[in-house]
Each structure stands twice: as structure tokens, then as C-alpha cells.
Amino acid sequence: MSVTNLDPAIAARLKRTADGLVPAVVQQHDTGEVLMLAWMDDEALHRTLSTRDATYWSRSRGEYWVKGATSGHTQSVVSVALDCDGDTLLVRVDQTGAACHTGDHTCFDAGRLL
């Protein structure tokens, strides 16, 4: 993770994990369907707000990734909101292609538990 240019007023509102991350619930903007859960640090949020291309922090790879940069399954960001506690982001997107790395439309296609 790197130095960030995130607006200090936004940064002050974030409650991060010990690793400096905030969970981001990603939702299709027009249907409300939840597509995936990802993680952002201050820089990923700054990049997302600046470019409107969904940018996340990959915990497994230890690097930033722009959704769809290699797959073409992009997320154009419509809006970003912070919850009342400051510990979760809601990223509303226009999804092109599959949202899940498995090729499924949503990461929650694996089946219901209840």
C-alpha cells in the first residue's frame, strides 16, 4: 500500500481494519443486485473516486487492481457511499461482464445457505 492523495476529510471518516482496509460492498446501480465484496485502502478509494474505475486492494496478491483491466469485465463507478459507522463502503457500479473471478455474474451465485 502506498501514500495516498485521498481527501483528508474523507480519510478522517474511515474506520479501517488493522491492515488499513475498508470492505467495499459492490452493487449493480440499477438493479440493486450485490455483485461482490472487495477491499479498499485510502489509495484505492482515491483512485476509484478520481477515475470512476473500480480499484481495489488485493489481499492475496498485495497489489492494487482495477476491475476488468485484464478480463474486460469492468465496473464503471456510479456512486460511492460510506455507511453510518464509517467502516464499510457501498460502491454502486455499472458492471460489464461477470463480476466474479470464477466467471459468474455475481460472487454470490455459489448458492444460498438459507
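Visitor: Which strand gives the most to the lining of the largest pocket?

Guide: This is a predicted model, and its largest pocket holds about 540 Å³ of space. Of the 23 residues lining that pocket, the closest to its centre are Met36, Arg61, Trp65, Lys67 and His101. Strands S2 (34-40), S3 (55-58) and S4 (63-66) each supply at least two lining residues, and the strand that gives the most, with four residues, is S2.

Visitor: How far apart are the end C-alpha atoms over residues 36-108?

Guide: An unreviewed UniProt entry lists residues 36-108 as "domain: Phosphoribosyl-AMP cyclohydrolase". Over residues 36-108 the chain is 38% strand and 14% helix, and the distance between the end C-alpha atoms is 7 Å.

Visitor: Is Asp85 buried, partly exposed or exposed?

Guide: UniProt, in an unreviewed entry, lists Asp83, Asp85 and Asp87 under "binding site". Asp83 is found in the loop between strand S5 (75-82) and strand S6 (89-95), and its relative accessible area of 27% makes Asp83 partly exposed. Asp85 also has its place in the loop between S5 and S6. Because buried means under 20% and exposed over 50%, the 42% relative accessibility of Asp85 makes this residue partly exposed.

Note on methods:
Residues are numbered from 1 along each chain as its sequence is written. This is a predicted model: local features need pLDDT of at least 70, side-chain atom pairs count only at pLDDT 80 or more; totals for chains, interfaces and linings use all residues. Side-chain values use heavy atoms; hydrogens and water are left out. On a 1 Å grid over the protein atoms alone, a cavity is a set of points where a 1.4 Å probe fits but cannot get out, and a pocket is an open set with protein on both sides within 12 Å along at least five of seven lines; lining residues have an atom within 4 Å of a point. Grid points are joined across faces, edges and corners, and a volume is the space filled by probe spheres set on the points. UniProt positions are given in the numbering used here, feature names are shortened, and annotations may be inferred rather than shown by experiment. Buried means under 20% relative accessible area, exposed over 50%, partly exposed in between (1.4 Å probe, protein chains only).
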